[in-house]
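I opened the model and kept notes as I went. The entries below follow the order in which I looked things up.

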Amino acid sequence: MPVPNAVDPRPTLAAPDDDPHLWLEEIEGERALAHVAAENAKTLAALADARFEADRDGLAEALDRPDRIPFVTRRGGLLYNFWRDAAHPRGLWRRTTPESYRSEAPDWETLLDLDALAAEEGADWVWAGAHSRPRHHDRAILRLSRGGGDAVTLREFDLETRSFVAGGFDLAEGKSGLDWLDRDTLLLQSALGEGMATESGYARTVRLWRRGGDPLAAPVLFEVPATSMFAGADVHHRGEAEWCIFVERLGFFDAVIHLGDREGPKTRLDLPTDITIFWDDDFVALSPRRDWTVEGRTYPSGCVLGLGLDALLAGGRDFRLVFEPAPRRALQGFFWSKGLLVLSILDDMRARFLTVDPKRDWRETRIAGLPELGMVSLWRLDEDDREANGDLLAYAADPITPPTLYETRPELAAPTVLKRAPVLFDAGGLVVTRHEAVSVDGERIPYVQAGPPGETGEAPVHLSGYGGFEVSNIPGYSAGLGRLWLAKGGTTVTANIRGGGEFGPWWHEAGRREHKARSHDDFAAVAADLVRRGVTRPGRLAAEGGSNGGLLIANMLVRYPERFGALLCTVPLIDMRRYHRLLAGASWIAEYGDPDRPEDWAFLQHISAYHAAEPGRPYPPILIATTRRDDRVHPGHARKMAAKLQAMGYAAHLFEQEGGGHGAGRDNREIASFAALGLAFLRRAIGWEPTAAA
């Protein structure tokens, strides 16, 4: 037992299960909510002054600007968009024609006013998407979240009458998904029902849900063990033939795929579980995460292989090597569009896009005219692959250049500009440069810097990173960082640490499981390099990360406190002893390891900042911010870490927003408030009080 009035360091690495803060895991517990309310009040009293309010209001106005790009998806020849602004904070689901969309002021037809619906039903609705019936688009299933969590209600909507279908498909809140078989039949995957959730909280079964039937009593077509991550299903049409594709997601990076029909799975695909596969009518493209040796030939991880679909199903293995990676050249994604395979590639952090035509001996053609630097992405305009006519949309932006939306086709020499986003902050005189730090083991770690040119040794730097799940962390145009950091005279830096996907599976593997601490070393190396280059000093260096990036920031606190002046840790994962028991945590064991296995805890303990934090260290000030409706990463991580640090006498602040789920808010004003609060904390903690207005 702790000594009265003494510092309480529990839990510790020596006694990881002696946790006095477990009561904070009760999300809606009376004691826990009272504690959160008190902590929020203290944090707001310290930060929410007139400067914060001006920043929040200015950012909210920027996020609500009417001349923002309305992003669209084509369904049945019409372009659909979900839009939020000051008059419609929850948003409008709407559509227009392609011709009208190209005009300066498109004529939008409103399908659903979510603010009106929320007021009518007294519900905290947040839009989570829609899936209309392919080829017909007369009906759609809407996904509506209460407060912004991952769990959603599913409700059938009539696109012709613009109203919900009386007696139609309607499913209570849960982690659910579906696909249309026909107007009266759905493939449903849902965690609702006794014993129907996996240990990760996702669906264990795929059910055949017929109109008018009880979804929880619908026939089960496919079931996976509770230890698997989830069961899923999609409908694929090959000509007039209908396939049901059933997927057992074993973990985050492995799956078993079965082909079947409305009666269930019939054939398991004889492929390694780590392969990503997409098929068109007659061809298939595959990408293995690990080296794959088949029929005497080894294909490298991260490559793309092509083959005829009938040949694959017959057991053929005479693959065409469509894309071969290199150490700094990696696949970012691929999809089919009107018979062409479209590849997205990062070549030493430069965007490249290729099409491959399997009917012309897999001939490769580069998509021309798109920017290479910054955040550049390409996707199919049509939601349904059967309706795709080859039209593609592309997006490009960098930290000081507002986004541009392009339309293009593989055969065009150059894309056409569809829309340009407005300038949201003054970037005059700012430059974007790329650099590399050297990590503890000699690996070169890229990072992108934006801000004033030259090195003063005193720059107020905002450094961010992620480093997990093979996600590439490419900096784009941020209204928040732009207005509240760059425009005030600061510098922003994005670190491309290992664990991400910037250079493919090997870069991810180098920062996964027992190597996760290495990705944290990479981030600290970037911080040190900024000082070495004369950009800043540790006391002027603020760092931010969210989710897996929150784990990163918590480890900067306990492993590299001397390199930072302030830390912002959002919607974080921190307690690595219990993460797999909290909400969706079990689904991340493939990324981090299983703390119930002694051999895994042997390395996990070194990145469990909740246990490693101890008294008497030079920890910089930290704000840990989360949301109560986050049903992916449990808010208990943030609550408990702040409580432990405070019990040891550290300057740790907690802020818990009620809504927003794993995102930053239910509407643009909440998003602006969350961002403004965090950046106000960082600026003040490093002693930077710029006078420039937001």
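**Entry 1: strand β11**

I began with strand β11, residues 185–190, and found it mostly covered, with six of its six residues buried. I note here that the model is a predicted one. Which residues of β11 point one way, and which the other? I found T185, L187 and Q189 on one side and L186, L188 and S190 on the other, all of them buried.

Next I looked up the partners of β11. Strand β10, residues 176–182, runs antiparallel to β11 and is joined to it by six bridges. A hairpin of two residues connects β10 to β11. I also checked strand β12, residues 205–210, which pairs with β11 in the antiparallel sense over five bridges. L188 of β11 is the bridge partner of L178, and in β12 the bridge partner of L188 is R207.

**Entry 2: an open sheet**

I then traced an open sheet of four strands, in the order β18-β19-β22-β23, with antiparallel pairing. Why is one side of β18 and of β23 left without a neighbour in the sheet? Both stand at the edges and each has a single partner strand, so one side of each has no neighbour there. From one strand to the next the twist averages 30°. Between β18 and strand β19, residues 283–288, I noted five bridges in an antiparallel arrangement. T276 stands opposite S287 of β19.

**Entry 3: nonpolar cores**

I looked up the largest nonpolar core and noted 48 residues in it. Those with the most contacts inside this core are L463, F523, V526, F564, M641 and L645. I followed L645: apart from neighbours within four places in sequence, L645 is in contact with L557, A613, Y619, I622, I624, Y650 and A652. A second, separate core has 31 residues, including F52, A450, A566 and I686. In soluble globular proteins, nonpolar side chains tend to be buried together.

**Entry 4: L654**

I found L654 in strand β39, residues 652–657. Is L654 buried or exposed? L654 is buried, because its relative accessible area is 0%, and the cut-off for buried is under 20%. Leaving out neighbours within four places in sequence, I listed its contacts, among them E39, N40, L623 and A638.

**Entry 5: two helices**

I turned to helix α8, residues 516–532, and helix α9, residues 548–559, which pack at an angle of about 70° with their axes 10 Å apart. That angle makes α8 roughly perpendicular to α9. The residues in contact include H520 and F523 of α8 and L552 and M556 of α9. I sorted the residues of this contact into seven nonpolar, four polar and three charged.

**Entry 6: backbone exceptions**

Most residues other than glycine have a negative phi, and most peptide bonds are trans. I looked up the exceptions.

- R10 and P11 are joined by a cis peptide bond, with omega about -5°; P11 is in the segment before α1.
- W362 has a positive phi, near 60°. W362 is in the loop between β26 and β27 and is buried, with a relative accessible area of 13%.
- L583 is not a glycine, yet its phi is positive, about 50°. L583 lies in the loop between β37 and α10 and is partly exposed, with a relative accessible area of 31%.

Key
Residues numbered from 1 in each chain as written. Predicted model: local features only at pLDDT ≥ 70, side-chain atom pairs only at ≥ 80, totals over all residues. Heavy atoms only, no water. Buried < 20%, exposed > 50% of the residue type's maximum accessible area, 1.4 Å probe, protein only. Pairing = 2+ DSSP bridges. Contact = heavy atoms within 4.5 Å. Axes fitted to C-alpha atoms, helices over the stretch in contact; angles between N-to-C directions. Core = buried A, V, L, I, M, F, W, Y, C linked by side-chain atoms within 4.5 Å. Parallel < 35°, antiparallel > 145°, perpendicular 65-115°, else oblique. Nonpolar A, V, L, I, M, F, W, Y, C, P; charged D, E, K, R; others polar.
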